[in-house]
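Trainee: Could you walk me through this one? I'd like to start with the helices and then move on to the pocket.
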Amino acid sequence: MDPEAAKTARESLDLAFHMSNILDTGLDRHTLSVLIALCDMGLNPEALAAVVKELRREASSSPLTNNAPSSAS
């Protein structure tokens with residue numbers, strides 16, 4: 001990617017992240033970047049939004065327990 005294209009992409013991500021924060025989406029910069037890349041690859045943004053909502057719903061409804069064995073003796 002040439003430097004000008006990289007600068008434009010970075011500025012676009014900064015703008016999208018700022019809008020995301022204003023809208024209080026809770027998306028971090030990396031997640032937003034991945035979602036934008038998926039949209040650029042042709043995935044349906046509404047379908048991606050539905051997946052994000054479903055994953056958040058599942059995460060909030062599942063108990064936060066750690067059943068892994070402890071390595072400390």
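Trainee: What span should helix α2 have, and what is the distance between its end C-alpha atoms?
Mentor: Helix α2 covers residues 29–40, and at 1.5 Å a residue its 12 residues should span 16 Å, which agrees with its end C-alpha atoms being 16 Å apart; the expected span is 1.5 Å times one less than the number of residues. Helices here are DSSP runs of H or I of at least four residues, strands are runs of E of at least two, and both are numbered from the N terminus. Bear in mind that this is a predicted model, in which local features need pLDDT of at least 70 and side-chain atom pairs count only at pLDDT 80 or more, while totals for chains, interfaces and linings use all residues. Residues are numbered from 1 along each chain as its sequence is written, and side-chain values use heavy atoms, with hydrogens and water left out.
Trainee: What sits at the two ends of α2?
Mentor: At its start, a side-chain oxygen of D28 comes to within 3.2 Å of the backbone nitrogen of H30, and after α2 comes G42, with a positive phi near 105°.
Trainee: How many helices and strands are there in the protein?
Mentor: There are 3 helices and 0 strands, so from the N terminus the order reads α-α-α.
Trainee: Now the pocket: which residues line the largest one?
Mentor: The lining is made up of T25, L27, L32, L35, I36, C39, P45, L48, A49, V52, K53 and R56. The elements giving two or more residues to that lining are α2 and α3 (45–61), and α3 provides the largest share, 6 residues.
Trainee: What is its volume, and how does the lining divide by class?
Mentor: The volume is about 220 Å³, and the lining has 9 nonpolar, 1 polar and 2 charged residues.

How values were computed
Polar contact = N/O pair within 3.5 Å; in protein donor to acceptor, adjacent residues only side chain to side chain. 1 Å grid on protein atoms, 1.4 Å probe; cavity = no way out; pocket = protein on both sides within 12 Å on 5 of 7 lines; lining within 4 Å. Points joined across faces, edges and corners; volume = space filled by probe spheres on them. Nonpolar A, V, L, I, M, F, W, Y, C, P; charged D, E, K, R; others polar.
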